[in-house]
Amino acid sequence: MAKGNKLTSRAENYSEWYNEIVKKADLAENSEVRGCMVIKPYGYAIWERMQRTLDDMFKETGHVNAYFPLFIPKSFLSKEADHVEGFAKECAVVTHYRLKNDPDGKGVVVDPEAKLEEELIVRPTSETIIWSTYRNWIQSYRDLPILVNQWANVVRWELRTRMFLRTAEFLWQEGHTAHATKEEAVEESIKMLNVYAEFAEKTMAVPVVKGAKSERERFAGALDTYTIEGLMQDGKALQCGTSHFLGQNFAKAFDVKFANQNNQEEYVWATSWGVSTRLMGALIMTHSDDSGLVLPPALAPHQVVMIPIYRKDEERALVMEKMNEIATSLKAAGIRVKIDDDDTKRAGWKFAEWELKGVPVRLALGPRDLENGKIEVARRDTQTKEVVDITDHFDQTIKELLDNVQEGIYEKALKFREDNTRKVDTWEEFTAALEDDIPGFLLAHWDGTTETEEKIQNESKATIRCIPMDGEEEDGKCVYSGKPSKRRVLFAKAY
RNA sequence: CGGGAUGUAGCUCAGUCCGGUUAGAGUACACGUCUGGGGGGCGUGGGGCCGGCAGUUCGAAUCUGCCCAUCCCGACCA
């Protein structure tokens, strides 16, 4: 790659900047199938770290993993009326099970003889197939709760797609739990929302607002949907994860009952919750800059990249010896280290490349440093570097530096969100705020009706992201209708 | 599904209006060489069914028709 290979800046064209990061940082690329993407090894490595951390958190909260089929009988989808309403328009349908050679000799065609009696839907989510299964698993209160998660792919036939943010097929996890009481199910749905929020903030360093969705925005088939909402650098909101209290809707649709301690039959209470590869988009759009990706150390496949500098083979040998020694001690301290000793690339090229890929810390070591007992330490998030002594506790120095980076990018993102969260009280303020370069989060009163919500969306393009959980009661007037309101809700333009 | 555009090297594109040498550039790739502490310089080389089919013509990347594909804007998108 040549000098001209700079990213489009965020100011110039934000969505172009995003697309270029995804491609040039080797995260993913478009596939031959419209709307689908290939997640490349570097991008997948980040996703794997997300999976591992989340999976541990799920296990710690008592969940186990299982796997349910990709295909769902068409009839299942129509058993819960709201649910089918929500998904019908974006389902891929399997109608046949066989191909045959084209009689005209041009490749293969669908064999019309092989039509399925009942068509199969490629899962857009798995509530239906799971609840039809739970029916057989549950007879007594002693069978409850069921706390199951699955890691899977799902398909939603989207017309407009964007890498990681909205693709026709995506990877996610979906937790599906069954409980004896309403209280327990509600508690579960909030517990998992908290797990998501903790993951977002501690591991991804993405600050999020926890809240409940309005009726209009909630999951089809849920009584309550809870969400974590992040604010991206362009001032638009991104829904990062959702947790649903499903009530008894699916239990009734699939006739899942249990005998309570008094031997009375009751419908089971349900939750479901999920996060997807969309989190990759949140990660990119929260921290990255015009030089490329910025990764939190907790998720970076390589936390430290080491680049040797040398001219002659003798120099190379000396530098590599010292570098391996340092790498060994860093690895022993639990740090993920990559030595980039590729002799076909130049040092400057590697600097730019690893910056683009967001590696939190870069160490460069050359003959000059070797003489002085020093090493160059560069920090990705602040783009600063300094030459420091190689001390006995160098591994601890780096460990602390990584912690600082993790903390630093979170604080920076939090400050950005705070700077771009505004209370507005009039419709003029509301619409004016949305015209800004960074529209941001708007806290405003709302009269609680779907009609008003729709009008606000149609006239301003902003939607209610959530009714924040930590919001305080406050008397006010709806920013649109002027009717009384008890609390502010969070509005934003959203992805 | 409506509106607009584009298909030429792995990628980004010029050439098409006005038909006429062997179809070009940048980048990527390969080799050599000088290099090497922020995406290096020089040299050499490989790589093309010009989206497909059918016309017009002595001659088509270029003109005509049809088809296919993709992209953008809208509509739609818990």
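Is Glu407 buried, partly exposed or exposed? I looked it up and found Glu407 partly exposed, at a relative accessible area of 44%. I used these classes: buried is under 20% relative accessible area, exposed is over 50%, and partly exposed lies in between (1.4 Å probe, protein chains only).

**Conventions.** I note that this is a predicted model, in which local features need pLDDT of at least 70 and side-chain atom pairs count only at pLDDT 80 or more, while totals for chains, interfaces and linings use all residues. Residues are numbered from 1 along each chain as its sequence is written, chains are lettered from A and ligands numbered from 1 in the order in which they are written, and side-chain values use heavy atoms, without hydrogens and water.

**Salt bridges.** I counted a salt bridge where a side-chain nitrogen of Lys or Arg is within 4 Å of a carboxyl oxygen of Asp or Glu. The search of the whole structure returned 31 salt bridges. I looked at Arg10 and Asp290, whose side chains meet at 2.8 Å, N to O. This pair links distant parts of the chain, 280 residues apart: Arg10 is in the segment before helix H1 (14–24), and Asp290 is in the loop between helix H8 (278–287) and strand E17 (304–308). Helices (H or I, at least four residues) and strands (E, at least two) are DSSP runs, numbered from the N terminus. Arg10 is partly exposed at 25% relative accessible area, and Asp290 is partly exposed at 33%.

I then took Lys74 and Glu119, which form a salt bridge with their closest N and O atoms 3.1 Å apart. Lys74 is in helix H3 (residues 74–77) and Glu119 in strand E8 (residues 115–122), so this bridge ties together parts 45 residues apart in sequence.

Next I examined Glu454 and Arg216, joined by a salt bridge of 3.2 Å, N to O. Glu454 belongs to helix H14 and Arg216 to the loop between strand E11 (209–212) and strand E12 (224–231), so parts 238 residues apart in sequence are tied together. I also recorded a network of salt bridges linking Asp26, Glu29, Lys40, Glu353 and Lys357.

**Aromatic pairs.** I paired rings of Phe, Tyr and Trp (its six-membered ring) with centres within 6.5 Å; planes under 30 degrees apart are stacked, over 60 edge-to-face, and the rest tilted. Trp427 and Phe430 are three residues apart in helix H13 (residues 427–435), about one helical turn. Trp427 is buried at 18% relative accessibility, and Phe430 is buried at 0%. I noted one aromatic cluster formed by Trp47, Phe58, Trp151, Tyr196 and Trp273.

**Backbone.** I found a cis peptide bond from Leu144 to Pro145, with omega near -5°. Pro145 lies in the loop between helix H5 (127–137) and strand E9 (146–155). Which phi does Phe164 have? The value is near 70°, positive in a residue other than glycine. Phe164 is buried, at 2% relative accessible area. Lys461, also not a glycine, has a positive phi of about 70°. Lys461 is exposed, at 63% relative accessible area.
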